[in-house]
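Biologist: Thanks for sitting down with me. Could you walk me through this model, one question at a time?

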Amino acid sequence: MAFISRGFHGRRPSAGTKLPPGQYETTGFPVLSAGPTPRIRKDDWQLSVTTETGKRHVWDWAGLMALPADSPTVDLHCVTKWSKFGTQWQGVSLDVLLADVETSAEHVLVTSYGGYTTNVPLADLVDGKAWIAYGYEGGDLAPEHGGPARLLVPHLYLWKSAKWVSGIELRQSDVPGFWETAGYHNYGDPWREQRYQGD
Amino acid sequence: MARAAVPGRLGDRLRWRIAEVAGRRVESATAVTLTLEIPDWPGHLAGQHVDVRLTAEDGYSTQRSYSIASASNGRSLDLTVQRTSGGEVSPYLVDELVPGDQLELRGPVGGWFVWRQQQTEPVLLVAGGSGLVPLMCMIRTREAAGSRTPFRLLYAVRSPSDLLYGSELRQGAPGLDTTYLYSREALKDSARPPGRITPEDLARGGWPPDFEPTCYVCGPTAFVEKTAAYLVLLGHAPERVRTERFG
Ligand SMILES: Cc1cc2nc3c(=O)[nH]c(=O)nc-3n(C[C@H](O)[C@H](O)[C@H](O)COP(=O)(O)OP(=O)(O)OC[C@H]3O[C@@H](n4cnc5c(N)ncnc54)[C@H](O)[C@@H]3O)c2cc1C
């Protein structure tokens, strides 16, 4: 028999929104990270895409700004249980960054300033599903939320959307990143509630 | 940033378990400690948390994370929950649950914000409000293991009446130094005026960076952001500063 919590009624999500299992809606913007927030000046910022053969493509801040930008409105789902609906971002689609990159890799290890890493299948970063985001709700992206620029992959739990992104490594084989090594799910689909390894 | 190690028993850890509330202790006007009995609890590391799942009669359910307060003893664990007014889950846990009730949970979860007794470097714990809970687990685990690793605790809290584990902390333990940082209302004879945590507080009550302590910072997001940034400014290596945010 399913377990019922005696005397618990709960709050339902607001009309018209749909929460993944186990999540609750917040209107704030909580923060998840494992250590201090790195401070990176735009002047010092670089993003590289490295292929499995070692070929490197590099953008500096001006180079990123020169690329065509999107303004996606997306829902966010954090593994710490909060979801936030209808957030507005500005950024460059990974399709743009990867357009001239020759690769047969299927896996990506995303690296960040500060040493954070996370792994994502390449298929989840293309076809309009992921961005390098630098604007949030009409302003610059704040450092605690990953500024100057973070990866945004909203269809996966938010730890996959690496803050302070510095590199996209295309790889033949999959390697777990920081939280994945610590027992979190390798893929992280909120709708299938893939929080931890084995979920 | 180092790789975090995973404790084993994965399948076992992930199973939803039914715990029984065996005890309820009032910690302050807004917080209680629940002692939960879990016959087949696999044990936990200091700093880990559990996921609690509440389910209503119509099947609606929601989850929250709560840190484990007690040292691992194989049978039961303590959670200390602070009531967030208007919250969906914490008022239920604080005000509704009584001994004999059941609660669904799984875990332990978390492999990074943990202290292991094999660690020998000095430890700095910085707590903001209920962020003390996982740090108290580290203090209790150190004590239970008879460890001599030097610990310093900086505990930022609104006022003396908001203190969690007040008498246990007052009693202290050899090799544990505790400093209270009251933000709104201090004790009458206290030299430090009430106020938010400052770099001076961390320099005075913490360790010099060249002792290479591991620093654990836990509390509301704004507190953790600020404290972690101050620690880095004071010269602590970012990879020695581990954070957990409740907000
Ligand atoms: C890893 C982890 C460990 C945690 N350990 C503990 C613990 O040991 N003890 C404990 O009491 N809590 C702990 N928390 C926080 C806990 O999970 C809940 O977020 C908290 O109890 C509030 O839940 P709620 O359902 O009552 O409020 P909600 O219904 O989720 O929130 C109500 C309102 O309060 C705001 N809010 C949510 N959380 C907080 C907060 N912490 N402070 C101020 N405002 C808030 C929300 O933005 C919202 O507007 C932990 C969180 C994490 C991620």
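Modeller: Gladly, and let me start with a definition: buried means under 20% relative accessible area, exposed over 50%, and partly exposed in between. Keep in mind that this is a predicted model.

Biologist: Which backbone nitrogen does the side chain of Thr26(A) reach?

Modeller: Leaving aside neighbours within four places in sequence, Thr26(A) is in contact with Trp82(A), Ser83(A) and Lys84(A). The backbone nitrogen belongs to another residue, and the side chain of Thr26(A) reaches that atom at 3.1 Å. The residue is Gly28(A).

Biologist: Staying with chain A, what does UniProt list for residues 35-179?

Modeller: Over that stretch the chain is 8% helix and 39% strand, and the end C-alpha atoms are 13 Å apart. The UniProt entry is unreviewed, and the name it lists there is "domain: Oxidoreductase molybdopterin-binding".

Biologist: Now the ligand. Between which chains does the ligand lie?

Modeller: The ligand is surrounded by 21 residues. The closest are Arg11(A), Ser65(B), Tyr66(B), Val89(B) and Ser90(B). The ligand lies between chains A and B.

Biologist: At what distance does a polar side-chain atom of Ser90(B) lie from an oxygen atom of the ligand?

Modeller: Let me place it alongside two other contacts. A backbone N or O atom of Ser65(B) lies 2.6 Å from an oxygen atom of the ligand, and a polar side-chain atom of Tyr66(B) lies 2.7 Å from a ligand oxygen. For the polar side-chain atom of Ser90(B), the distance to an oxygen atom of the ligand is 2.5 Å.

Biologist: On to the strands of chain B. Which residue in E6(B) does Arg17(B) stand opposite?

Modeller: Strand E6 (residues 102-109) of chain B is mostly covered, with seven of its eight residues buried. Strand E1 (residues 17-28) of chain B runs antiparallel to E6(B), joined by four bridges. Strand E3 (residues 49-55) of chain B is also antiparallel to E6(B), again with four bridges, and there Val52(B) stands opposite Leu105(B). The residue opposite Arg17(B) is Leu105(B).

Biologist: How many of the 13 residues of H3(B) are buried?

Modeller: Helix H3 (residues 132-144) of chain B reaches 18 Å from its first C-alpha to its last, close to the 18 Å expected at 1.5 Å a residue. Just after H3(B), Gly146(B) takes a positive phi of about 65 degrees. The buried residues of H3(B) include Leu132(B), Met136(B), Ile139(B) and Arg142(B). H3(B) is mostly covered, and the number of buried residues is eleven.

Biologist: Last one: into which class does Arg158(B) fall at 40% relative accessibility?

Modeller: Arg158(B) lies in the loop between strand E8 (151-157) and helix H4 (166-171) of chain B. Leaving aside neighbours within four places in sequence, Arg158(B) is in contact with Tyr182(B), Ser183(B), Arg184(B) and Glu185(B), while its C-alpha and that of Trp112(B) are separated by 28 Å. Buried needs under 20% and exposed over 50%. At 40%, Arg158(B) therefore counts as partly exposed.

Definitions and conventions. Residues numbered from 1 in each chain as written. Chains lettered and ligands numbered in written order. Predicted model: local features only at pLDDT ≥ 70, side-chain atom pairs only at ≥ 80, totals over all residues. Heavy atoms only, no water. UniProt positions renumbered as here; feature names shortened; annotations may be inferred. Helix = DSSP H or I, 4+ residues; strand = E, 2+ residues; numbered from the N terminus. Buried < 20%, exposed > 50% of the residue type's maximum accessible area, 1.4 Å probe, protein only. Contact = heavy atoms within 4.5 Å. Expected span 1.5 Å × (residues − 1). Pairing = 2+ DSSP bridges. Near = heavy atom within 4 Å. Polar contact = N/O pair within 3.5 Å; in protein donor to acceptor, adjacent residues only side chain to side chain.
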